[in-house]
Amino acid sequence: MVTFQQKIIHLVKCFRRQWPLFSNSERTTLCGADCMLMALQLSMAEVNKQHHGDFAVSLSDVLETWNYLLHDKLGLSYENMKEPENYADVKKAYHAFLARSNMLDLIDICQKCYSLGLLPEDESISPVQLLEFISGVMNAQENNGSVLSTPTQINRQGQKHMKVTILAKKFVCSYLSLLVNSKDDLALAHILNVPDRGLGREAFTNLKHASQERKMSIFLMATSFIRTIELGGRGCASSLYDPLRAHVKGLSNFVNFIDKLQEIVGEILNTRIAGGRILSTVKMHLIKGRSNGDPFCQAVEEVVQDLDLKIKNIIDSQQETLTAGTTGVSPAR
């Protein structure tokens, strides 16, 4: 019997294999629950900026709108829920944000897969199941056809280690995501100031507004700004990007580091070696200046080792499939 976890994995694999049916760009990335929530938060802040002049939103409003949006997109009843303020504008801004970021959320991918008949009936996922999965309330495992609750007890130290590991993985994966999809504004938001570059909320807000005015991704906006300075000096850049003048040093640090990662991709043709080199470079960047006993350093080390192994396994799997096939075309990008 196919477990729910296997259904989700098969769904993601289907998207990766059949990506031309979903998007015209092979660099389109999947937006999971965390990214969906963050995209909604930024979209609501954007709408509040338009209506009230303040690029901010309360957590309670985000959670209320999040619940309403999920029920709406999944076609579930929300008659007893109060429609959030400016919901139509928020929903439009949310989907526009994903489109600009070259991303599709999990709900859209799931619905597209089943509408095209890309997955068998025994792998179907009900709207309620998907709601519980995205909301994080699903705390069960399938075992021999029966659903059993599996609560776990983790001591305080274990909980702290888990939180640090999750944070480390988010940072490492965000660097990789931005390298693959330069329009991924969510990935950029996670790592713009990690490690500390003096690029706080004000810098991100200024950068986002500048990118919207020029209708480009946030990363392209940052790159364009730094390139202008490098070619023409601060005087040339200041008249074009006035709000960003205070963030030159931090943005230069960020852009130059991404350039360094892109150079590795361009110079090292062996994918296995390039992947390892990129992960190693990101690791050293994140732990620079920290002591060896720092929990965050240990978490980054564990995350990088795990991702390096996964990349190698994916490459080996692709090579085996390619060798066994007759078309001479790689089955995956």
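Residues are numbered from 1 along each chain as its sequence is written. In this predicted model, local features need pLDDT of at least 70, side-chain atom pairs count only at pLDDT 80 or more, totals for chains, interfaces and linings use all residues, and side-chain values use heavy atoms, with hydrogens and water left out.

The protein chain contains 14 helices and 4 strands, taken as DSSP runs (H or I, at least four residues, for helices; E, at least two, for strands) numbered from the N terminus. Of its 333 residues, 40% are buried, that is, under 20% relative accessible area with a 1.4 Å probe, protein chains only.

Two packed helices are described by the angle between their axes and the distance between the axes. Axes are lines fitted to C-alpha atoms, for helices over the stretch in contact, and angles run from 0 to 180 degrees between N-to-C directions. Helix H12 (residues 248-267) packs with helix H13 (residues 271-287) at an angle of about 160 degrees, the axes being 9 Å apart. H12 and H13 are therefore roughly antiparallel (an angle over 145 degrees). Their contact (heavy atoms within 4.5 Å) involves residues including Phe257 and Leu261 of H12 and Ile278 and Val282 of H13.

Helix H1 (residues 4-17) and helix H5 (residues 106-115) have axes that come within 10 Å and cross at roughly 80 degrees. H1 and H5 are therefore roughly perpendicular (65 to 115 degrees). Here Leu11, Cys14 and Phe15 of H1 meet Leu106, Ile109, Cys110 and Cys113 of H5.

Methods. Angles under 35 degrees count as roughly parallel, over 145 as roughly antiparallel, 65 to 115 as roughly perpendicular and the rest as oblique. Buried means under 20% relative accessible area, exposed over 50%, partly exposed in between (1.4 Å probe, protein chains only).
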